[in-house]
Amino acid sequence: MKKWLALIMVCVLAFAIVGCSGDETATNSEGEGNASAENEQSSGDSNAQTEATDELPKIGVTIYKFDDNFMSFVRRSIETAAEGKAELILNDSQNNQATQNDQVDMMISKGVKSLAINLVDPQAAPTIIGKAQSENLPLIFFNKEPDQTAMQSYDKVWYVGTNSAESGIIQGELIAKMWADHPEWDRNGDGVMSYVMLKGEPGHPDAEARTKYSIDTVVEKGILVEELELQPGFWDSVKGKELMDAWISKHGDDIEMVIANNDGMALGAIQSLQAAGYFNDGKYMPVVGVDAIPDALSKIKDGSMLGTVLNDAKNQGQATLDLARNAALGKDPLEGTEWKLDDQKAVRVPYVAVTLDNIDFAEKSYE
Ligand code: GAL
């Protein structure tokens, strides 16, 4: 009798343990585009999974919109870095700040231990900080940098991104060097570089800095410039194409240089230029972008894009996950990593100029 009783008690206990851990099964983010993208991670060894569950910190992540070329690579990098290291709740904020605010509330109610937020609107940082602070949750912003007033308002907020001005300066240096090497690009021979500028999203630190510093740098190198057009294409290739279509009909061959704040818009412009007969029979237009996404690298290889600036999605994603994970575990955000914080509480991943000469290096970074 006693043996039977003992056996029943063992069974009840085992059931209770499995039952408890079942609620917190290790999950990983593979989901796309919905409010809560949690998928169960499959594991052949249920014991291993139960053990891992206790160690995987839950991190709430938002991307300002999944439908952004460059951000899809950052997202992929965060997901890869999280494999076996963290459970992600991953959200597409669909370019809507109100949606993102609700997603943050939802993730907090699901018990995330830290937040990694790619803001829709950089001005909304105080709102998100307020939400994190009221729960004493660490918060990592990435890609869209909040201003310093917001960053200094909470001791548990950090930023992962780049130095926006650096991308503009590198792009400007690339343009200046190539322009000097190719006097034939000054089609009307007036000694002035007549350019059109595809700007990203107005108010976005990267868009503002790239627009300013690319041209400032070209001018500093002693090149005279004339701005034929400057309009926002919101990082989007379709908008880049539409703007370029309109500019070609308005200015025709007076355009001598196309400068885009990102590759997405540059690719749209190239499509438009191709339709207008460029990159054929010796008709050429220099086009430069930023990001070094794989589609742009192919265009550099086939000669329809002059160059770009590597925006290192892989390392920005990795750093975001590293900091968010450490912070979720209550550790120093840099513990066990090689990242460094500057005096603005930011990890800044460097940009690199990319032309045909170092295309292999850029390709490797997006592998
Ligand atoms: C920039 C990138 C753009 C766009 C933007 C979104 O850093 O160059 O292509 O992805 O971030 O915030």
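Mentor: The largest cavity holds about 110 Å³ of space, and since this is a predicted model, that volume is a computed value.

Trainee: How many cavities of 30 Å³ or more does a search of the whole structure find?

Mentor: The search finds two, and the second largest cavity has a volume of about 30 Å³.

Trainee: What makes a space a cavity rather than a pocket?

Mentor: A 1.4 Å probe fits in a cavity but cannot get out, whereas a pocket is an open set. Residues are counted as lining when they have an atom within 4 Å of a point, and for the largest cavity they include Tyr64, Asp68, His204, Trp235, Asn262 and Asp291. Helices α3 (69-82) and α8 (205-220) each give at least two residues to this lining.

Trainee: How do the residues lining the largest cavity divide by class?

Mentor: They divide into four nonpolar, four polar and four charged residues. Asp and Arg count as charged, and among the lining residues Asp68, Asp206, Asp291 and Arg210 are of these types.

Trainee: Which residues line the second largest cavity?

Mentor: Among them are Tyr159, Gly161, Thr162, Gln316 and Tyr351, and the elements that supply two or more residues to this lining are β7 (157-161) and α8. By class the lining has three nonpolar, five polar and two charged residues, and Gly161 belongs with the polar ones because Gly is counted there.

Trainee: Why is the contact of Asp181 with Lys177 called a salt bridge?

Mentor: The closest N and O atoms of the two are 2.8 Å apart, and the cut-off is 4 Å between a side-chain nitrogen of Lys or Arg and a carboxyl oxygen of Asp or Glu, so the pair qualifies. Asp181 and Lys177 are four residues apart in helix α7 (residues 164-181), and therefore about one helical turn separates them.

Trainee: Are Asp181 and Lys177 buried, partly exposed or exposed?

Mentor: Asp181 has a relative accessible area of 44% and is partly exposed, whereas Lys177, at 53%, is exposed, because exposed means over 50%.

Trainee: How do you know that Lys199 is buried or exposed?

Mentor: Its relative accessibility is 12%, and buried means under 20%, so Lys199 counts as buried. Its salt-bridge partner is Glu208, with the closest N and O atoms 3.0 Å apart, and Glu208 is partly exposed at 35%.

Trainee: What does the salt bridge between Asp253 and Lys283 tie together?

Mentor: The N to O distance is 3.7 Å, which is within the 4 Å limit. Asp253 lies in the loop between α9 (237-251) and β10 (257-260), and Lys283 in the loop between α10 (263-275) and β11 (287-288), so the pair ties together parts that are 30 residues apart in sequence. Salt bridges that share partners also join Glu145, Asp342 and Arg348 into one network.

Trainee: Why are β4 and β13 said to stand at the edges of the sheet?

Mentor: The sheet is an open one of six strands in the order β4-β3-β5-β6-β7-β13, with parallel pairing. β4 (87-92) and β13 (346-348) each have a single partner strand, so one side of each is left without a neighbour in the sheet.

Trainee: How do you know that β6 and β7 pair?

Mentor: Pairing requires at least two bridges, and strand β6 (residues 139-142) and β7 have four, in the parallel sense, so they count as paired. In β7, Tyr159 is the bridge partner of Phe141.

Terms used: Residues are numbered from 1 along each chain as its sequence is written. This is a predicted model: local features need pLDDT of at least 70, side-chain atom pairs count only at pLDDT 80 or more; totals for chains, interfaces and linings use all residues. Side-chain values use heavy atoms; hydrogens and water are left out. Buried means under 20% relative accessible area, exposed over 50%, partly exposed in between (1.4 Å probe, protein chains only). On a 1 Å grid over the protein atoms alone, a cavity is a set of points where a 1.4 Å probe fits but cannot get out, and a pocket is an open set with protein on both sides within 12 Å along at least five of seven lines; lining residues have an atom within 4 Å of a point. Grid points are joined across faces, edges and corners, and a volume is the space filled by probe spheres set on the points.
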